[in-house]
Amino acid sequence: MSHKEVRTGEKARQNIKTGIDLVADVVKTTLGPRGRNIVLDTNPYTNPLNTNDGVTIARELHSKDPFVEVGVKLVKAVAEKTNDVAGDGTTTASLLMQSITTHALQQLNNGSDPVLLRKGIQEAAEAIVEALKDEIVQTEDLESLINVATISCGDEKVGKIVAETVFKVGSEGVVTIEDSEDEKTSNRIAEGIELRGGIQLPVFINNKARQEADHKNVPIFVTDHDLTNGLEVIKIMEACANNGSKVAVVIANNITGEAMATCVINAAQGKFTLVPIRVMAVGEQGRAVLEDMAAATGGTFYSRDEGHKLPSHPEEGFSFDLFGHADRVIASKDRTTILGGAGDVQERVQTLEAQLPNLLKKYEQNNMKERIAKLKSGVGVIRVGAVGDDEREERKLRVEDAINASKAAISNGVIAGGGAALYRAALKVQKESHIDLSTPDGSGLMAVIRACYEPIKQMAVNSGFELDKADLKSVEDDKTKTIDFNTGEVVDAFKAGIIDPSLVATSAVKNAASEAGLFIITEGTVTNTEDDSEKL
């Protein structure tokens with residue numbers, strides 16, 4: 001039996017800090033070109049996963065102490081947020097949070113005002129992000145993308161394949177990952193479209209590593225009705241099951257209440273997996289997106305305006321002829337990719353292009369152009385090969401990071417890698433700051449500044465090098481310089497290809513500072529704890 005337990009003050013904060021350190025101490029050993037891997041053996045039904053992907057490692061870390069687990073979850077949240085925004089940099093974000101909380105907690109225990117400490121942390125993070133803007137170099141060439149992708153995945157050949165794929169589809173394009181039938185990694189551009197909208201509950205996830213629902217050979221039902229009744233989704237399942245399918249996708253305006261519960265229960269029991277996808281568009285724009293989905297998959301748009309009604313009696317149902325079809329559907333919490341739809345995409349594009357000249361309002365024209373672009377661009381597919389399944393899974397995580405890093409580089413530019421840009425930004429903020437460093441505001445500022453020195457230091461530790469003062473001075477004086485931690489030499493970052501997407505660094509700083517600031521003003525923790533006497 002569990003009961004509530006409360007801890008307050010310094011003891012509560014120290015428990016949380018122990019959890020933060022638990023995660024950060026593990027993941028920071030993976031940072032840099034000579035970072036190590038961590039073996040994750042947490043699922044009795046799968047082989048151990050050997051990886052250096054920070055967010056994947058963080059997800060598997062836990063503490064038996066519920067108060068320490070609070071800190072574990074906080075640093076996981078930082079990693080997840082950074083991964084959601086930038087798709088990479090989760091290890092850096094975890095390291096930054098650990099460093100900020102270490103310094104700030106020392107000041108707090110010495111009597112500093114927590115509110116002013118947090119204020120200093122927030123202001124410092126904003127200043128660091130602003131300073132990083134001076135480091136950004138816009139990139140539009142393939143060679144720069146290859147460098148970014150190679151650093152992210154640690155493999156020159158794979159980095160080239162990833163960069164070429166992202167370069168073809170663009171920063172807003174879709175790139176998916178699938179297994180290769182042999183040891184070679186290759187790429188192709190497939191007909192496919194992306195929908196802004198995804199799964200709402202984790203029960204539908206069947207790819208745990210990527211947190212996605214991923215299904216092949218899928219019937220698809222598209223409607224602008226709000227599905228609320230269990231009978232409505234049962235009839236969708238019946239139509240598909242009667243035609244030999246055990247998995248289907250429903251894309252709707254909204255799926256709630258009994259309808260969602262019925263989907264969850266059937267999926268959990270393994271009877272039928274109906275993946276509910278809710279679109280993230282409303283009104284006329286939302287209806288238009290649903291029409292595109294139906295056309296692209298070769299199905300009928302089951303629309304209220306067309307007089308299509310949902311079944312309200314057990315004898316009523318859906319004809320399977322209404323359903324579209326796709327070779328593969330991949331859905332995360334906010335994105336759904338449809339590959340190999342059975343509809344005629346080109347015909348749909350021609351229809352929309354014919355309507356474009358008749359639109360008078362600018363926003364309508366922009367919406368139409370966006371719809372056309374999504375239908376026309378296709379989807380990049382990277383087929384990941386390896387000798388064994390374990391190696392393939394580890395490589396797929398690296399490829400995913402490289403995809404996200406390449407997209408971020410196109411959209412937001414790049415900075416010198418190896419922690420050099422963060423190091424320079426921190427030095428600049430420290431020199432230009434007019435805050436008295438002996439005050440709580442100043443302590444908060446220094447917590448963030450010192451944290452931004454940590455990535456370059458940690459990469460040196462992981463690579464077995466000592467940071468030379470002369471080398472750091474060279475890095476400080478020239479924004480093109482960084483340290484190549486493969487050789488220990490100071491190099492031109494852009495010529496050597498040691499570059500990072502600016503979005504990765506700025507997201508890591510923002511998220512780490514935000515969560516650390518909340519930690520500093522925490523005065524107590526309430527958790528559920530088990531009553532050991534009940535186990536006797």
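Here is a walk through this structure, from the whole chain down to single residues. The model is predicted, so local features need pLDDT of at least 70 and side-chain atom pairs count only at pLDDT 80 or more, while totals for chains, interfaces and linings use all residues. Residues are numbered from 1 along each chain as its sequence is written, and side-chain values use heavy atoms, with hydrogens and water left out.

Let us start with the overall fold. The protein chain has 18 helices and 20 strands; these are DSSP runs numbered from the N terminus, with helices being H or I of at least four residues and strands being E of at least two. The radius of gyration of the protein chain is 25 Å, close to the 24 Å from the globule rule for 536 residues, so the chain is as compact as a globular protein of that length. That radius is taken over C-alpha atoms, and the rule is 2.2 Å times the number of residues to the power 0.38. Along its principal axes, the C-alpha trace spans about 75 × 65 × 55 Å.

Now for packing and surface. Of the 536 residues in the protein chain, 52% are buried, where buried means under 20% relative accessible area, exposed over 50%, and partly exposed in between, using a 1.4 Å probe and protein chains only. Among contacts with a separation of 6 or more, 77% join residues 24 or more positions apart; a contact means heavy atoms within 4.5 Å. The accessible surface of the protein chain is about 24,600 Å², and carbon and sulfur atoms hold 48% of that. Accessible areas come from the Shrake-Rupley method with a 1.4 Å probe, and for residues only the protein chains shown count as cover.

On a 1 Å grid over the protein atoms alone, a cavity is a set of points where a 1.4 Å probe fits but cannot get out, whereas a pocket is an open set with protein on both sides within 12 Å along at least five of seven lines; lining residues have an atom within 4 Å of a point. Grid points are joined across faces, edges and corners, and a volume is the space filled by probe spheres set on the points.

The second largest pocket has a volume of about 990 Å³. Its lining has 44 residues, with Gly32, Pro33, Ile151, Ser152 and Asp500 nearest the centre. Helix 6 (residues 142–153) gives the largest share of this lining, six residues. By class, the lining has 20 nonpolar, 18 polar and six charged residues; Ala, Val, Leu, Ile, Met, Phe, Trp, Tyr, Cys and Pro count as nonpolar, Asp, Glu, Lys and Arg as charged, and the others, Gly among them, as polar.

A search of the whole structure finds one cavity of 30 Å³ or more. The largest cavity has a volume of about 40 Å³, and its lining consists of Asn207, Ala209, Arg210, Glu393, Lys396, Leu397 and Glu400.

Val158 lies in helix 7 (residues 156–169) and is buried, with a relative accessible area of 6%. Val158 and Val399 are 241 residues apart in sequence, with 7.5 Å between their C-alpha atoms. Ile255, in strand 10 (residues 254–255), is buried at 1% relative accessible area. Asn217 lies in strand 7 (residues 213–223) and counts as exposed at 52% relative accessibility. Phi of Asn217 is near 55 degrees, a positive value in a residue other than glycine.
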